[in-house]
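Please look over the sequence and the model first; the text then goes through them part by part.

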Amino acid sequence: MKPGGIAARARAAIAPAGPQASYLAGLNPEQREAVETLDGPLLVLAGAGTGKTRVLTARVAHILASGRAFPSQILVVTFTNKAAREMKDRIHGMVGDQIEGMPWLGTFHSIGVRILRRHHELVGLKSGFTILDTDDQIRLLKQLLAAENIDEKRWPARLLAATIDGWKNRGLSPKDVPPGEGAVFANGKGGMLYAAYQARLKALNAVDFGDLLLEGIRLFRENPDVLAEYHRRFKYLLVDEYQDTNVAQYLWLRLLAQGSKNVCCVGDDDQSIYGWRGAEVDNILRFESDFPGAKVIRLERNYRSTGHILASAAHLIAHNEGRLGKTLFSEGDEGERVSVTGAWDSGEEARAVGEEIETLQRAGHRLSEIAILVRASFQMREFEDRFVTLGMPYRVIGGPRFYERAEIRDALAYLRCVNSTADDLAFERIVNVPKRGIGDATVKQIHDVARAAGVPLQEAARVLTESEELKPKVRGTLRGLIQAFERWREQARTLSHTEIAEIVLDESGYTEMWQKDRSAEAAGRLENLKELVRSMEPFENLPGFLEHISLVMDVDNGAGEDAVQVMTLHSAKGLEFDTVFLPGWEEGLFPHQRALDDQGKAGLEEERRLAYVGITRARASARIWFASNRRIHGMWNSTVPSRFLDELPDAHVRVEESRGGMGWGGSSYGGGGSYGQSRFDRAEPFAASSYSTPGWQRAQTQRGRSDTGGGRGGFSERGGRYDAGASARRGPMVIEGTLVASSSAPSSAFKRGERVFHIKFGYGEVTGIDGNKLTVQFDKAGEKRVVDTFVEKA
DNA sequence: AGCTCCGTCGTTTTT
DNA sequence: CGACGGAGCT
């Protein structure tokens, strides 16, 4: 399939439609209905590639053009800053400068903070309150845990942060947390710690991300007059990616929507992949009952992918039960079938994909139109290694973001201290960075003074330097720092914020600290600091910049270069490519074992939606891979092909000969016993396998009786790994197969010095035993650690 | 104050 | 296996 063909088809499908307003041109009937249905609640179920953003932006244009509302009377909420930016750009393209009058287009959080700033006194905040980032949050919680004498080993601050976040996502303030749930953390102290945390936030005049919505909800509930003001203001409400909203966002939105009732939510239940961070698919499933009189419009006409790709995705997602149901169709070519290829191991998978990409490149495909979408980021490494070897340009999307880097956070903490004497968390962060001899003991003294006097840390430090409490050396250093902050604040009145930033980084010794650092990353960190100062330029002043970055943690990573795009399936949502490689379709990895263990069927369905998202990213070519052997936590494990492979429709899939070596299960090992149920277990490609016995059915029968400790012999004659010796012994919950051995498994039946055979490494001798993990000196492959279920006595 | 060793853990990510 | 964080040692 040539990319040009797709583009041409897409153009044809959205051909101009007549002499109407330009924003209506090229809309199909459903899209047009979604744009023109302005009164009352509307849910637009927009499948992948059906033009959802187009509908949303055209709808805004239509509202404005019909004179039903001023720009300032439209609320448009997105989930990410990127989406907000795109929306803004596209609306600008349609309505021109009217966009300037739309202050209420943004993320839930940026709009949330805007509202809180206007009414801060009503929720107990002072003007100029700060927004904590995750680091600050954790540090604060650590202090609380220490104060309560809670063992941070058993009850990590991270876990508490996640728990509190979870409550906030569900719209629960401390008093609303069900007592049973509050008791879960630290022997019943969870609820109390949450309350204490909120109290600390108030004392610091700070909020966290969750509060931006939660406090907004409280504001509206406790102040009907304020809510009424927003009811009058917002004539139209539009929400993007509605399937990603959490309970708090839903409550917030519902309060606002009580006004005009003209609320339009756009989303796709089949692309809900953020349940684990609080997104509530139920919000979209329940829309019609939540908003009485709601109209539902389905967008099912797909302009992105070819027929085989769409049919494959549709057949896969049809295995989910909890969905509103829609079927994508296209009027274009069938295109190329979705391919499924097995590789011997993850290395070969990467090697083979690399070769295919080289072939595509030679055929004139742009690398930036090729993506590798993985389930978990550790999978990326092997591809990266391979691309480095090949000299193939690639680009990893996602990963640690600019503003999350330590040096950026440190620099920002300095600026926050300049900006506000009351930003205790920022002060704490940098008081001894670079190391200047102000250690824990001194910090504690400052804390004590601050608490006793009820003043911020900076002020307490100043008081302390005027007393005789500190050792002269420390006293001098601390005084120097405090005076430096006072000086910088003074200079900030006359100099530009970028100049101040440079002065602060320079005079504080922070830049110097990295200049002296001889580690490999130091140069990059210095570069990042320069980039930080550059990124401040467009802002009017320091507070403006700080406010912006507390909400916008991403940075425009200048795309453009022609490189293979490597990213997780999650970060691929919303993107599209001509060719998509989907490696790692193996039980345990995808669907991920943890999703199965923790969430059961709901988890499986979310994984399946992830698979759906993956396939539907492809315009012309989707290529799925699985490896028969993969190293997990340093140990090689045999794997079972993903059940999702069995859920793809035969007629639209092409099973490729495996690349190189013996493929995924040469005839001497594959098949056999209860193991050969799936077509992907056979060396013979595709013996017209039936859907009636897909992998997940095996999963059902295997559920609960898998036993990681028993059944040695791996692929031995007496049957599959999962059958052999499967006793009723209790083990970890497993839906199908295990990638990782249970650590509590009974000790191994192997002895040191025993000769064994391993399917991947061949013959060897056991040199060490640790539970069910063996260290084996293989004759050819050298020393490896393997799980005993994957070797047999030789 | 700084380094080193040891234990733990290992999916996905936004604001 | 390898990254990270905390405790403990010098």
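## Terms and basis

Axes are lines fitted to C-alpha atoms, for helices over the stretch in contact, and angles run from 0 to 180 degrees between N-to-C directions. Helices (H or I, at least four residues) and strands (E, at least two) are DSSP runs, numbered from the N terminus.

This is a predicted model, in which local features need pLDDT of at least 70 and side-chain atom pairs count only at pLDDT 80 or more, while totals for chains, interfaces and linings use all residues. Residues are numbered from 1 along each chain as its sequence is written, chains are lettered from A and ligands numbered from 1 in the order in which they are written, and side-chain values use heavy atoms, with hydrogens and water left out.

## Two crossing helices

Helix 20 (residues 440-453) and helix 21 (residues 457-465) have axes that come within 8 Å and cross at roughly 105 degrees. The two helices are therefore roughly perpendicular to each other; angles under 35 degrees count as roughly parallel, over 145 as roughly antiparallel, 65 to 115 as roughly perpendicular and the rest as oblique.

Contact means heavy atoms within 4.5 Å. Helix 20 contributes Gln445, Ile446, His447, Val449 and Ala450, which meet Leu457, Ala460, Ala461, Val463 and Leu464 of helix 21. By class, this contact has eight nonpolar, two polar and no charged residues. Here Ala, Val, Leu, Ile, Met, Phe, Trp, Tyr, Cys and Pro count as nonpolar, Asp, Glu, Lys and Arg as charged, and the others, Gly among them, as polar.

An open sheet is formed by six strands in the order 3-2-6-7-1-8, with parallel pairing. Two strands pair if DSSP finds at least two bridges between them. At the edges are strand 3 (105-107) and strand 8 (295-299), each pairing on one side only. On average, neighbouring strands are turned by 15 degrees against each other, direction ignored.

Within the sheet, strand 2 (residues 74-78) and strand 6 (residues 236-239) run parallel and are joined by four bridges. Valine 77 stands opposite valine 239 in strand 6. Helix 4 (residues 81-95) lies across strand 2 and strand 3, at about 165 degrees to strand 3. Helix 5 (residues 108-118) lies across strand 2, strand 3 and strand 6, and runs at about 105 degrees to strand 3.

A residue is near a strand if one of its heavy atoms lies within 4 Å of it. DNA strand B is surrounded by 25 residues, of which the closest are Arg375, Ser377, Lys435, Thr568 and Arg594. Sugar and phosphate make up 57% of the atoms of DNA strand B that come within 4 Å of the protein. The surrounding residues divide into eight nonpolar, twelve polar and five charged.

Polar contacts are pairs of N or O atoms within 3.5 Å. A base oxygen of DNA strand B is 2.2 Å from a side-chain N or O atom of arginine 375, and a backbone N or O atom of asparagine 81 lies 2.8 Å from a phosphate oxygen of DNA strand B. Around DNA strand C are Lys142, His633 and Gly634. A side-chain N or O atom of lysine 142 is 2.9 Å from a phosphate oxygen of DNA strand C.

## Cis peptide bonds

Valine 433 and proline 434 are joined by a cis peptide bond, with omega about 0 degrees. Proline 434 lies in the loop between helix 19 (424-430) and helix 20.

Methods:
Polar contact = N/O pair within 3.5 Å; in protein donor to acceptor, adjacent residues only side chain to side chain.
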